[in-house]
Structures are given as C-alpha cells and as structure tokens.
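I opened this entry to look up an annotated site, a helix and the nonpolar packing. My notes follow in that order.

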Amino acid sequence: MANPVAVPLGAQALEREQVVAVAREGAAVELGHETVAAVTKARAHIEELANATKPTYGVSTGFGALAVRHIPPDRRAALQRSLIRSHAAGAGPEVEREVIRALTLLRLRTLATGHTGVRPSTVDAMARMLNAGITPVVHEYGSLGCSGDLAPLSSVALALIGEGQVRDASGELRPAAEALAEAGIEPVALAEKEGLALINGTDGMLGMLVLATTDLNQLLDLADLTAAMSVEALLGTDRVFAADLHALRPHPGQARSAARMAELLAGSEIVASHRGPDCTRVQDAYSLRCSPQVHGAARDTVAYAETVADRELASAIDNPAVLADGRVESNGNFHGAPVAYVLDFLAIPVADVASMAERRTDRMLDVARSHGLPPFLADDPGVDSGHMIAHYTQAAVVSELKRLAAPASVDSIPTSAMQEDHVSMGWSAARKLRRAVDGLATVLAVELLTAARALDLRAPLRPAPATAAVVRLLREHVAGPGPDRHLAPEIAAATELVRSGLVTKVAEEALS
C-alpha cells in the first residue's frame, strides 16, 4: 500500500479524512513557507509583549488562579517548563496510539495557524516528532475538557522537551530524550507563552470525535445490512422500505437506510416466498419495520456531529490568542462544550441502534416468533443451546451501552481555586463514546452471526445476492449450522470482520 499523502498544515482547515490518515495510517505532516512566515510574525508580537512593562497573561504572568503574579524575565523559561511538568499529571491506562497522534496533529495545526505565538522551531520540532512515529505516553484521566485537554496535551509537550516516556515507531516504551535523539530531534527549550500554547486546546476530544464519526458511518452501513438479513431470515416484507413511503417523511438518513435495505433484499427467494395470498401476516415488528427510521436518525446525528467537527477543524484554539493586528487577548475558546455535547449526543443513537439489533436477534432465537426456525437456531434443541448465550453476551453489551449513553457534559467540577468554575467534561464524553462504538461493533457482529445461521436454515430457499455474498464471506471464518461448539472465537472473528469494513464492501460489490 502506498504511503498516505503528507498533510499540509497552516491556516487552512483540516479535513476529517486527513486526521484519520495521520492518526491511523501514519501519514506525515508538512509545514509550508507561508505557515512558517505566519508563525514568525505572531512570535514577534509575543516577544514585543515579553519586553513590555505591562503584564500579559501567559507571557509574563502565572496561569489560572496564579495569573495575578508577574514573572520576571529570568524566570519565564522555568515558568513554561514547570507548567508542562506539573500539568502532565495524568493517571490510569495508556490512551490508544491513534488518539494521541490525532490530538498531537490537531494541536500542531493550531500552532501552525500563527495565532498562538510559538516559535517556528517549536512547531518544526513537534512536526518532526509526529513524523518520526514517536508517540508520547498519555493517560486516561486528567482532562476536564476546559482550559484545554490539559493533562493529555501536557504529556505530549513533556515529550517535546525531552522528558517523560514515549513509544517509538515500533511501539517500544522508551525515555523521550532517547527517542528524540535517535530521530535527530533537539528537545525544545520553551520560551514565553509556548508552554501554554502547547496545552490549551480541545484537541483530544476533537480527535476522538473525528475517529468516532468515521467508525460510525461504517457501522451504520453494517447495521442496515444486518437488519436486512434479519428481515429476510424472519420472513419479513421489503415493501416498507419503498422510496415513496419514506418520501412522506423526508429525513435524509432515513431515506438512505431504507434505500440500502431495499437494495440488499432485492432478488431474495426467501422474501418472494411469502408474498402471495397465503401469507396472513399484516405487518412486521417494529425492530424490523422501523429499522430505517432508527438507523436514519442515527445517520443524521452523525452528520450533525461532523458539522461540529468541521467547524472545530477550521478553528485556532488557544488562550491567549494572537490576533492579526498583533493584539494578544484572553478568551474562552478552549471550552469544550460544542464538542462535548455532540460526543454525548452520539452515544444515544449508538445505544439505540444496538438495542434494536438485539431485539431482532432475540426474535430469530424465539421459536414462538421466528416463523419456523428451530429454538435458538440449535442443531438439536435441548441437547444444543445454539445461539442462546451469544444473545446473552449481546444483551450484556447493549445494557452497558445504555449506561454509556448517560451524558458526561451535564457534569462540572470547579477547579483551580474556582478560577475554572465550569468545565465541559468533553474528554470523558469522548472516552465513553469510544467504548460505545466498540460495543456496537460487537452487537452487530452477533446479529450478523445469528442472521447468517438463520438464512442457512431457510435452505433450499436462497437469500438475496448481496446477503448471500455476506454469508459466504462469513463462512470463510465461521462454520455454518451444526452441533454446539465454542462460540467466543466465532464472535471475535465476526467482530473483526465487522471492524475491517470487509462485510459491507462485499455486500456493495454484490450489488454493483
């Protein structure tokens, strides 16, 4: 696979795809001449203020509740260094590499806009660290989502000054100074304003938002597919997915999901088998009939979240900010509320889409509602339990997703001697959304396994070409119906297929 194209950094907005390329695919970043010129110009304003008699927050004063103290010139380098050391106070497990690369990229992009007042050499060193694959160790806890993702970003800044621990490109845990030296990067000796500029942004929560929307777009495509397979397996109708019905309620996400489900079911012998006058069923259960409405609402929620993410990716977040006319003004742009709200919002449809998938799974296993399928899809019911406990596992995950849907952003814990008396908790909202996205993948994997087994049991009737192609793919990794066997590896294999995107790819290829 060719290396991803390098991502240029400067005043222009980043695209979500560029964030994913750097975070997950190892794409490099580059700084153009215009970027260096803008950074140099802003730095000149900071140096002018540093030499002035009037104190300026973050340049010649302390921080937060200590902003009233004027710092003499010979102590300002120590001030910036102490800021980073003291704020790198995270705790808990290590945060994932892709998240750290995303937050590093997003902080670097703000530095490159020329609105923070850092030196060009500092921006260059951070870009080189990212390009070298050096990933600072960042811990789970430490951000309240206001005044920036302080502890996470401070851990990145700590590595930049040659302290703390990092993981190199191979994933080995090493001292930061050693990894920087090996990469030929000189540790940064921070000057006025630079420590503050390195840590005062919503970059961690924004990076996780971008990664989550990317994953959710893929998983919602998969949810349409597994729902279609369940409709087919349960002898449901495809008439409810007709375009003219959904035009009566013109939500774009709903129309897309309905159209996809109709396409996925096209040509199904199973669906055709009960279209005649002998079928006495008037309508399907909500978990089948209303799938486009629920999946579509989730799609529209993701679209709104992407709008917020795009606005943030066009932002330069720092406090104080260096304006084009040279003013350096304190502000509240670092508050994470806009990002925190949508992170919390997304956790709600994630839980609901999963809940609906669990209801369809349960219906396929219940002999009273499955329309001719064996109890629990077991080979020898009574001797065999079939997918009974796979459904338990799915239900346990759904229950967890409902708890994760409780918002973090309604909480606020005042800190910094009441200077920071309202915080967003956006980092916490992002962390729980990541767990929720992983849970949704597992839930859909169990539905995929169950629906595929049910479709096999409908033989000799053949499923639609698209759903049949998915069953064939799954059978390369998981055996078909038969006596009970160890199911945990099959759930793991299906979940890996789900996360790879291969399932939806195979279905789309069958439709083309």
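UniProt positions are given here in the numbering of this chain, and annotations may be inferred rather than shown by experiment. I kept in mind that the model is predicted.

**Annotated site.** I looked up the modified residue first. UniProt, in an unreviewed entry, places "modified residue: 2,3-didehydroalanine (Ser)" at Ser147. I found Ser147 in the loop between β5 (139–141) and α6 (150–160). Is Ser147 buried or exposed? Its relative accessibility is 9%, so Ser147 counts as buried, the cut-off being under 20%. I then listed its contacts, leaving aside neighbours within four places in sequence. Ser147 touches Ile199, Asn200, Phe334 and Glu420.

**Helix α5.** Next I checked α5, which covers residues 120–131. From first C-alpha to last, its 12 residues reach 16 Å, close to the 16 Å expected. I noted Thr122, Val123, Ala125, Met126, Ala127, Met129 and Leu130 as its buried residues. After the helix comes Gly133, with a positive phi near 75°.

**Cores.** Which residues touch the most other members of the largest nonpolar core? I got Val29, Leu209, Met229 and Leu433, out of 145 residues. Another core, of 6 residues, lies apart from the largest one and includes Ile46, Ala50, Val59 and Val322.

Terms used:
Residues numbered from 1 in each chain as written. Predicted model: local features only at pLDDT ≥ 70, side-chain atom pairs only at ≥ 80, totals over all residues. Heavy atoms only, no water. Helix = DSSP H or I, 4+ residues; strand = E, 2+ residues; numbered from the N terminus. Expected span 1.5 Å × (residues − 1). Buried < 20%, exposed > 50% of the residue type's maximum accessible area, 1.4 Å probe, protein only. Contact = heavy atoms within 4.5 Å. Core = buried A, V, L, I, M, F, W, Y, C linked by side-chain atoms within 4.5 Å.
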